[in-house]
Amino acid sequence: YFKDPRTIRKQAEFRTTHPGELSPYDNLVQRYAKQYGFDWRLLVSQMYQESHFNPEARSWAGAVGLMQVLPRTARSIGFQDVKPPELGIHAGVKYLDWVRERFDPELPVQVRTWFALAAYNAGHGHVRDARRLARKQGLNPDRWFGHVEQAIQLLAKRKYARQARHGYCRGSEPVQYVREIKRRYEAYQLVAKL
């Protein structure tokens, strides 16, 4: 499905009126992607994963808006309201950048971005726990795919969760979250220019 450019183009055109557009919010996303150093297509993929482009979206945990930012998280980075699309997008991108900067600067930016997406979903502490566990398991703590993603899934087991600083984590959720964003992002790269 995500490998066929015609299918992706059809999905993108269903949501937008211009070829090459991915969402009704591309211009806003592009502005904040440039400001914080992200590929805008990755952010649109994340936004779709979070809210399906619904600015009224609300999660069971209380996250709101297009980027599903928790109100307390928004306040911690300087936003009082994230319901308006522009504020929600800005808050989400700023928070993703903040999380990405919590990871080792010597790691390649793409690796830090995968870690940041996982942390956006599950929390920075759980990703740090998973990196420590990956090392103990003989996996590479500096690679998400095939390594830290395996370790984070172990944090759903009592044996590993008890040893982790941040405890239990539904590790399959950030794994699926990052994989779906990556798959959609790769497809978006085929139909929309950087």
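The buried residues of helix H2 pack against H3 and helix H5 (85-100); buried means under 20% relative accessible area, exposed over 50% and partly exposed in between, with a 1.4 Å probe and protein chains only. Helices are DSSP runs of H or I with at least four residues, numbered from the N terminus. This is a predicted model, in which local features need pLDDT of at least 70 and side-chain atom pairs count only at pLDDT 80 or more, while totals for chains, interfaces and linings use all residues. Residues are numbered from 1 along each chain as its sequence is written, and side-chain values use heavy atoms, with hydrogens and water left out.

**Helix H2**
- Helix H2 covers residues 26-36, and its buried residues are Asp 26, Leu 28, Val 29, Tyr 32, Ala 33 and Tyr 36.
- These buried residues line one face of H2, because they fall within an arc of 155° seen down the helix axis; the arc is that of the directions from the axis to the C-beta atoms.
- Asn 27 and Lys 34, on the other side of H2, are exposed.
- Gly 37 follows H2 and has a positive phi, near 80°.

**Glu 50**
- Glu 50 belongs to helix H3, residues 40-51.
- The side chains of Glu 50 and Tyr 177 are joined by a polar contact of 2.5 Å; such a contact is a pair of N or O atoms within 3.5 Å, and within protein one must be able to donate a hydrogen and the other to accept it, while residues adjacent in sequence count only if both atoms are side-chain atoms.

**Ala 74**
- Ala 74 is part of helix H4, residues 71-76.
- Ala 74 counts as buried because its relative accessibility is 1%.

Definitions and conventions: Helices (H or I, at least four residues) and strands (E, at least two) are DSSP runs, numbered from the N terminus. Contact means heavy atoms within 4.5 Å.
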